[in-house]
Amino acid sequence: MIGPVKNHRHEQVTVSIDELVPHDHFLRTVDALIDFSFIERIASPYYCPDNGRPAIPPITLFKMIFIGYFYGVRSERQLEKEIRDNIAYRWFLGYSLVDRIPDHSTISFNRKGRFEDTSVFEEIFDETVRQAKAHGMVSGRVLLSDSTHIKANANKNKFIRKAKAEKVVSYLGELEEAVVADREAHGKKPLKPKVIRPVAKTKPAMTRESVTDPDSGFLMRNQKPQGFFYLDHRTVDAKYNFITDTYITAGNMHDAVPYLDRLAVQKKKFAFPVEAVALDAGYFTGHICKTLNEAGTFVVMGYRRFKGGNPKVPKRLFTYVPSLDAYACPMGCKLSYATTDREGYRQYKSRPEDCEHCPLRSDCFSAKSKQRSIFRHIWEDEKEKVRANKRTPSGKKLYKLRSQTIERSFADAKELHSFRYARRRGRKSVQEQAYLTAAVQNIKKMTLLLSRRV
């Protein structure tokens, strides 16, 4: 039997909004277990205490923003509509069924006016880490880092070509000291000061700069999309996969450039006793390996073998003999030390008379050359220690953990929290988005773990 259609749209009932929200709703759990009082402490210095109209409480304002990031609502106009129509959202903010929801422009005004060029968003993210640490969910002993690309809000076809800025190596002074010491140890004269002579006919290396978002960088990597992107350099704690740092750079910056500085920031902020780190192959540089080894950190990294040069007799077939400071070729001949260049590479050369009648000569080097040369960086020993770490049982286990931690963190951010695309333009705006995304991910995880303890 088909029942009659009911129409109770205009019926008035006495009911509280608390009765309409399910008791197992996620936002109820968040409200019960997470202490948001730190928001008022962080944001209150940016409000006038005794002048002007009463503002929306900062806790309510940031709860509105958190709702947008919890449920992947990218538009502030859409967020206003969602809060107006969703009973659970109203309950989370403390509004009744008939209370007027703040206009979307209120969020924009506070974000762009009151909190722009401040550390509010960073402090809110840092507080989520501190709360997790206080609950014993973050130890800071084992950290895993990687980067992911965020599509910039910019048309990849609208750009201007500019000359690439010269790369400034942050550890240049340390490298120069190591080169000087190495040359002295081998009885070589000091290098002459570097003289840069401009060549009029040589064209400088060019790069693309976006017209709409100059802060972004043009990404050109194998198996990656081409266009203007940002990079999120993220670190997570291995214990429960809490995010401990997020740092935004242009999409064409190398992964290794900001790593050591960001690691030092985390140690200073949260007093992390870092014992081990796991990194991707993009971080496998001599300076990073040397710095972490000297700090007593157990380092596990991926590394690549590049093809090219001499495919039939590659460098890996030559054996380095530390006691002789020389290389042995596959036929048993010696390659002796020749010099150390300004970039920190030692050059080892074979004797022409040994190579003249060698059966591998045609496959080992070109017909124009008379001897084989091998280059070895002065910090290559540090890299070999890291390679050895990865071959240990604990190293294999730690490196495998990356897929369950840092990669999972990136996947959740993009799929669940709309972190695949930059919401606004400019590095500062994308950094703000990164802090808020990481904060809600930490809040969600903290809520889940605390609910299991109840």
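**Entry 1: Tyr320 and Tyr327**

I started with two tyrosines: Tyr320 is buried, and Tyr327 is buried too. For burial I used relative accessible area with a 1.4 Å probe and protein chains only: under 20% is buried, over 50% exposed, and in between partly exposed.

A note on what I am looking at: this is a predicted model, where local features need pLDDT of at least 70, side-chain atom pairs count only at pLDDT 80 or more, and totals for chains, interfaces and linings use all residues. Residues are numbered from 1 along each chain as its sequence is written, and side-chain values use heavy atoms, with hydrogens and water left out.

**Entry 2: aromatic pairs**

Next I looked up ring pairs, taking Phe, Tyr and Trp (its six-membered ring) as paired if their centres lie within 6.5 Å, with planes under 30 degrees apart called stacked, over 60 edge-to-face and the rest tilted. By that rule I have 20 aromatic pairs. One of them joins Tyr171 and Trp379, a tilted pair with 6.0 Å from centre to centre and 50 degrees between the planes.

Why does this pair tie together parts that are 208 residues apart in sequence? Tyr171 lies in the loop between strand S2 (159-163) and helix H9 (172-185), while Trp379 lies in the loop between strand S13 (373-377) and helix H14 (380-390), so the pair bridges that separation. My helices (H or I, at least four residues) and strands (E, at least two) are DSSP runs, numbered from the N terminus. Tyr171 is partly exposed at 27% relative accessible area, whereas Trp379 is buried at 6%.

Back to my opening tyrosines: Tyr320 and Tyr327 also form a tilted pair, at 5.1 Å centre to centre and 55 degrees between the planes. I also noted a cluster in which ring pairs link Phe26, Phe36, Phe66, Phe70, Tyr71, Tyr89 and Phe92.

**Entry 3: charges over rings**

I then checked for a charge over a ring (NZ of Lys or CZ of Arg within 6 Å of the ring centre and within 35 degrees of the ring normal). The charged end of Arg208 sits over the Phe218 ring, 4.3 Å from its centre. Arg402 has its charged end over the ring of Tyr399, 5.3 Å from the centre.

**Entry 4: positive phi**

Which residues other than glycine did I find with a positive phi? Ala271 has phi near 55 degrees, and Asp325 has phi near 50 degrees. Ala271 belongs to the loop between helix H10 (259-270) and strand S7 (276-279), and is exposed at 56% relative accessibility. Asp325 belongs to the loop between strand S9 (319-321) and strand S10 (326-328), and is buried at 16%.

**Entry 5: helix H11 and its partners**

For axes I used lines fitted to C-alpha atoms, for helices over the stretch in contact, with angles from 0 to 180 degrees between N-to-C directions. Helix H11 (residues 286-294) packs with H14 at about 70 degrees, their axes 8 Å apart. H11 and H14 are therefore roughly perpendicular, since under 35 degrees counts as roughly parallel, over 145 as roughly antiparallel, 65 to 115 as roughly perpendicular and the rest as oblique. In contact (heavy atoms within 4.5 Å), Gly286, Cys289, Lys290 and Asn293 of H11 meet Glu382, Lys383, Lys385 and Val386 of H14.

With H10, the H11 axis comes within 11 Å and crosses at roughly 25 degrees, so H10 and H11 are roughly parallel. Here Tyr259, Leu260 and Leu263 of H10 meet His287, Ile288, Thr291 and Leu292 of H11.
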